[in-house]
Amino acid sequence: MRHAGRLFRQQQQQGVTEPDKEREPLLVKQIEEDDGNVINVVVGQSTLPQTIFNSVNVLIGVGLLALPLALKYSGWVIGLIFFVFAAVSTQYTAKLLAKCLDVDNSLITFADLAYVSFGPKARVATSILFSLELIATCVALVVLFADSLDALIPGLGLTEWKILCGVLLIPLAFMPLRLLSFTSILGIMSCFGIVADGFIKPHTPGSLREPAQTYLFPKNWNTLPISFGLLMSPWGGHSVFPNIYRDMRHPYKYRRGVNVTYAFTAMLDLFMAVVGLLMFGDGVRDAITSNIFLTDGYPKWLSIVIVVCVAIIPLTKIPLNARPIVSTIEILMGLDSRAVSASTSLHGLSGWSRGLLMATIRIVITIVFVVFAILVPEFDRIMSLLGSVACFSICIILPLAFHLKLFGGEISRLERAGNWALIVISTVLAVVSTVFNFFPKEALGIEE
């Protein structure tokens with residue numbers, strides 16, 4: 001705990017000396033503990049409604065566009081059972097994070113919990129896992145942008161649309177974060193646009209008035225493991241929940257906020273999954289929006305509204321997701337003014353040279369996203385890997401591991417056994433889903 005407090009004080013001193021102009025500064029006050037030790041603690045600013053809004057904004061992402069395909073791969077029975085499992089288990093672990101943070105007031109981030117639970121190596125490993133999650137998310141967003149616009153405006157080609165996406169992203173990479181933060185409303189608008197299309201069209205495919213044929217159990221059982229990753233992908237918000245908790249004006253309301261957030265998010269996700277599968281059945285594509293663009297019989301203006309919303313989401317989400325990666329690289333290279341290391345030769349550079357290098361890093365990272373999107377062009381495969389590798393680990397396995405490490409001797413035997421059972425089940429599902437994602441679709445009998 002003393003190490004965690006020392007680490008927090010170092011971070012605050014660096015932030016006070018050279019604040020990050022792109023973020024709202026945290027309010028910090030000093031308190032004296034019983035042993036006379038003075039530490040800095042964060043003073044929360046967000047009300048309960050603001051916390052719920054921020055949490056929903058984190059959870060509502062492009063993962064919901066792949067949920068109809070996930071339900072097709074799993075069938076109604078297994079898919080809905082696993083959907084409930086994913087929602088309930090991640091809601092439980094979101095509350096555990098707050099319990100673990102209450103161990104010490106100096107803990108702020110998910111990585112801090114890894115540090116106090118398992119040491120500095122766990123902090124590094126968690127940071128690497130976060131970076132991989134962010135990279136995969138950005139690549140999926142580039143693929144979504146290209147797939148959506150290519151379906152609406154055919155002729156240019158997927159690769160060309162991805163390159164165009166990269167060109168548009170370069171100036172956006174330099175915009176303040178506050179101008180990019182409120183994009184979940186666009187995803188919600190897309191969902192309601194899709195539902196409106198379903199009621200307008202009288203006949204299948206793509207109609208809610210004449211639903212497509214669906215199946216209680218998987219038509220192809222080889223696709224079931226892939227569905228686990230897809231169904232987990234919308235729940236990847238745990239890396240941000242500790243920060244949201246620390247920024248609450250009344251932390252004791254956090255659990256109520258989690259309940260409201262998950263109730264709303266689960267209803268929206270389930271609504272999207274059920275509506276999408278009923279509309280297109282076996283013909284559902286990796287992103288439900290692609291079906292809308294490729295199916296005749298919908299109002300042209302409504303399809304344009306949907307594609308505009310879907311196109312804006314990647315253009316705003318990618319710079320947001322890329323910023324932690326950019327900051328990490330800048331600190332490692334000694335370019336960030338808050339970097340602790342004074343040994344690097346880059347500190348001798350002029351301000352102009354330092355700025356040029358920082359700009360180059362942002363441009364190169366954007367190019368890397370586009371290259372990966374060209375090399376891995378399947379939106380559903382990326383989202384399934386994101387769910388199976390990152391979401392299972394960050395949203396279920398690691399929070400449970402922190403809880404067992406910090407409270408293993410205090411909790412009941414039943415709760416301890418339940419935590420271990422969740423870890424084992426999640427690990428098995430994550431490994432199986434990850435392995436199946438590396439099989440070619442032809443080998444699994446999946447039709448393009």
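Author: Let us begin with burial: a residue is buried under 20% relative accessible area, exposed over 50%, and partly exposed in between, with a 1.4 Å probe and protein chains only. Tyr262, at 3% relative accessibility, therefore counts as buried. Trp235 is buried too, with a relative accessible area of 0%.

Author: This is a predicted model, in which local features need pLDDT of at least 70, side-chain atom pairs count only at pLDDT 80 or more, and totals for chains, interfaces and linings use all residues. Residues are numbered from 1 along each chain as its sequence is written, and side-chain values use heavy atoms, leaving out hydrogens and water.

Reader: How is a pair of aromatic rings described?

Author: One gives the distance of the centres and the angle of the planes. Rings of Phe, Tyr and Trp (its six-membered ring) pair if their centres lie within 6.5 Å; planes under 30 degrees apart are stacked, over 60 edge-to-face, and the rest tilted. The count here is 11 aromatic pairs. The ring centres of Phe110 and Phe130 are 5.3 Å apart with planes at 65°, so this pair is edge-to-face. Both Phe110 and Phe130 are buried.

Reader: What kind of pair do Trp235 and Tyr262 form?

Author: Their ring centres lie 5.4 Å apart and their planes stand at 5°, so Trp235 and Tyr262 are stacked.

Reader: Which residues do ring pairs link into a cluster?

Author: The cluster consists of Phe82, Phe85, Phe228 and Phe392.
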